[in-house]
Amino acid sequence: MNSPEDYRSSAGKAAADTRLHSALAKMRDKVGRNALNLYTQVDAQADPRLKAKDVRRKVVNNLDVVLTSLAAKITGRGGHVHFAPTDLDAVEYCLGVARRHGVRRVVKGKSMLSEEIGLNAAFEAAGIETVETDLGEYIVQLKGETPSHIIAPAIHYSREQVGELFAEKLGEPYTSDPPTLTAMARKALREKMLTAEMGVSGGNTACAETGHVTIVSNEGNIRMSSTMPRVHVVLLGIEKVAATLEDHDVLLRMLTRAAAGQKISTYVSYVGGPRLEDEPDGPEEFHLVLVDNGRTRILGDPDFREVLHCIRCGCCLNVCPVYLKIGGHSYGTPYCGPIGAVFTPLTRGVNECHHLCQGETLCGACKQVCPVDNDLPRMLSLLRAKLADGDPRWNVRPQSRGTKAAFAAWAWIMSRRPALDLLLRLGRAVQRLLPKPSGWIRRLPGPLSGWTRGRDFPPLAKESFTERWARTRGRKA
Amino acid sequence: MSTVIERIRKALHIPQGGLSEDTRANVVFAKGAGWAAPAGDVPAGDLPGLIAQIRTEAGHLNLQVHECASAEQCGAELAALAEGRRPEWGTARQVMCWSDPVIQGLGLEARLAGTDISVRTVPERERFDETERAEFRRQVVDSYMGVTTADLLVADTATLLLLGGRGRGRSVSLVPSIHVAVVPVGRIVRTFRDALRRLDARGLGLPSNMTFITGPSKTADIEATLVHGAHGPREMHLFLLP
């Protein structure tokens, strides 16, 4: 994870990277901007975001009932269900399955949760070849990097960069033509997917009443990873479940629109256990790993429970003015953008990740496009309040006694007119000495200089409104 | 009881919340008004409009629609399609078909008898041993075309629903480069919602694997540029039967 200093320096670099900005603008224009229009296709009368939110709230508030049903149905079909309290436990379980089957190669469908728990590194350390099969993930893996977007992991690469990468790593002739590059990956990965002993994928949601994990994809790599290897393991956050098929109606239609601007994705797979005896193909063994890793702690706080409604569509990234300038890598965590700025501090420490929730602007765009109407700005503000005041419940230490004292003094002055007038007079005297190119103060002195590091400051007016009113009584001066 | 479930109950303040587990289950699994009403077949008079909708959607998806007046015509067109395509992997030409009356009615094997194309059908057995599964897998990997039917066809998005089961390999609609689905128009439903209602009406009879398929596989992972033919079929045909 990035330290606050890393965040500042990589965000600073990215903020000047115009090629990155135009790459990210594609997601903004193709997906982010259209999201609201597309939602009206789901329901033009009532706001379908609110319906989706209800579906999510109902499940999250009854998570024990829903998960118990899901687990029982899957076990009933001969699948294995494991509840993992921590990331380490989840990784250990996956390694155990791989060892029992003597797995030498694992093919993976895109799973942000596997990034969260660090599965690839653990597999590689155990000598198991781990191949990402989503094209974007594959590019990122060949490059030795991590995804920079929840949905479009390699969005930060140009076609030329992908061409050079494939020429170097796959020994293919250089081209920058996306169809040709896709065909190269298709060929290279087909062999991997047909020979791997184990497939690992994430899940987009699950259906508790029927006992299926639901996985959407466009490429077909997830169907490959869940069909061809002998063992299929699904990693699912405990909160990413739906109760009924009826809930899937609104949820899936919102998900594919929010994530990719699609009415439906190419594949929507319902996977509910191993191959049955009379089926000629499909996995011999099916494992569902339900991962907590800090989620029940969030569940226990009604102020933050809402963040568990998230369906990981990534739409908030595509409209976030901060994400669109600094890109996913600056965040330094698997979940980036506004959702990451709330979820990561809650799971990895608010003090340790203070830069994430303080880096966002609170502009509210993420709430507007969220398909489940998640109020991320509210939760960002709340995290900042905890950083200011401290909160033993979340083990948050007050971030800065100095800042806190300064704001207390500011509040004292603001509520006492004579004190404010005195301060204004003092300020006008001081600002005469400061350079004001184009009428704005470029740099404030002393401890206030931090304020002007990234922005200019408007000079104080010669006369305050109160002074002017006292002089003119509302007549034209 | 797993630790995680215990933690969840504690986080939700259960049982202090008062409601019993059964009561909560009734709430969370309750069906909405209008959901349970049987979603019957669409009236024959609506079919032309729905087929037109499928054609429109298919155009965006790179899915090719063939409307056939008879199984005879469908069989002939499908055989011609198979003859006109070269395999993407290897050189031998093999077609793998689901074991299904709709497909058997096309007489593909007889139509392609004089050519280099071999036609195989998913074996139906009570159980498959390791060798039989490996053999089936090899057959599918060696096929350049997979022929399936669909249990439902959603007009709103031109989406096929394929249920897993006996005589129906999951890989047949996935591994071959060309996927052909032969679907009687009586299986058309209007919306994804209607398809889910039909599934729901089956109750506990849902198979281990179900897949909704909308067009050939695609990706937009390089510069958000749409490319057809990612890891699944790169070409897809829908034959509509009366």
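These legends walk you through several close-up views of a predicted model.

**View 1. The domains of chain A.**

**View 2. The largest nonpolar core.** This core holds 194 residues, and those that touch the most other members are A:Val66, A:Val289, A:Leu290, A:Val291, A:Cys316, A:Val342 and B:Val182. Helix α13 (residues 245-260) of chain A contributes nine residues, the most to this core. Because domain 1 (34-293) and domain 2 (297-394) of chain A both supply residues, the core lies between them. Zoom in on A:Val342 and you will find that, leaving out residues up to four places away in sequence, A:Val342 touches A:Val307, A:Cys357, A:Leu376, A:Met379, A:Leu380 and A:Leu383.

**View 3. The open sheet of chain A.** Here six strands of chain A form an open sheet with parallel pairing, in the order β1-β9-β7-β4-β2-β3. At the edges stand β1 (80-84) and β3 (129-132) of chain A, each with a single partner strand, so one side of each has no neighbour in the sheet. From one strand to the next, the twist averages 20°.

View 4. Strand β7 (residues 231-237) and strand β9 (residues 285-291) of chain A run parallel and are joined by seven bridges. Look for A:Leu236, which stands opposite A:Leu290 in β9(A). Helix α6 (residues 87-100) of chain A packs on the sheet, where it touches β1, β2 (105-108), β4 (198-201), β7 and β9 of chain A. The direction of helix α6 makes about 170° with that of β9(A).

**View 5. Strand β6 of chain A and its partners.** Strand β6 (residues 212-217) of chain A is mostly covered, with six of its six residues buried. A:His212, A:Thr214 and A:Val216 point one way from β6(A), while A:Val213, A:Ile215 and A:Ser217 point the other way. Strand β5 (residues 205-207) of chain A runs antiparallel to β6(A), and three bridges join them. Within this pair, A:Ala206 has A:Val213 as its bridge partner in β6(A). Four residues lie between the strands of the hairpin of β5(A) and β6(A), where A:Gly211 takes a positive phi near 80°. β6(A) also pairs with β8(A), in the antiparallel sense and over five bridges. There, A:Val216 stands opposite A:Val268 in β8(A).

**View 6. Where chain A meets chain B.** The contact takes 75 residues from chain A and 64 residues from chain B. On the side of chain A that touches chain B, helix α11 (residues 178-195) of chain A gives the most, with eight residues. That side of chain A has 35 nonpolar, 21 polar and 19 charged residues. A strand pair also links the chains: strand β8 (residues 267-271) of chain A and strand β9 (residues 209-213) of chain B pair in the antiparallel sense over five bridges. In this pair, A:Val271 stands opposite B:Asn209 in β9(B).

**View 7. Chain B.** Of the 242 residues in chain B, 45% are buried.

How values were computed: Residues are numbered from 1 along each chain as its sequence is written. Chains are lettered from A and ligands numbered from 1 in the order in which they are written. This is a predicted model: local features need pLDDT of at least 70, side-chain atom pairs count only at pLDDT 80 or more; totals for chains, interfaces and linings use all residues. A nonpolar core is a set of buried Ala, Val, Leu, Ile, Met, Phe, Trp, Tyr and Cys residues joined through C-beta atoms within 7 Å. A residue is buried if 20 or more other C-beta atoms lie within 10 Å of its own, exposed if 12 or fewer, and partly exposed in between; C-beta atoms are placed from the backbone. Helices (H or I, at least four residues) and strands (E, at least two) are DSSP runs, numbered from the N terminus. Domain bounds come from an automatic or database domain assignment. Two residues are in contact if their C-beta atoms, placed from the backbone, lie within 7 Å. Ala, Val, Leu, Ile, Met, Phe, Trp, Tyr, Cys and Pro count as nonpolar, Asp, Glu, Lys and Arg as charged, and the others, Gly among them, as polar. Two strands pair if DSSP finds at least two bridges between them. Axes are lines fitted to C-alpha atoms, for helices over the stretch in contact, and angles run from 0 to 180 degrees between N-to-C directions.
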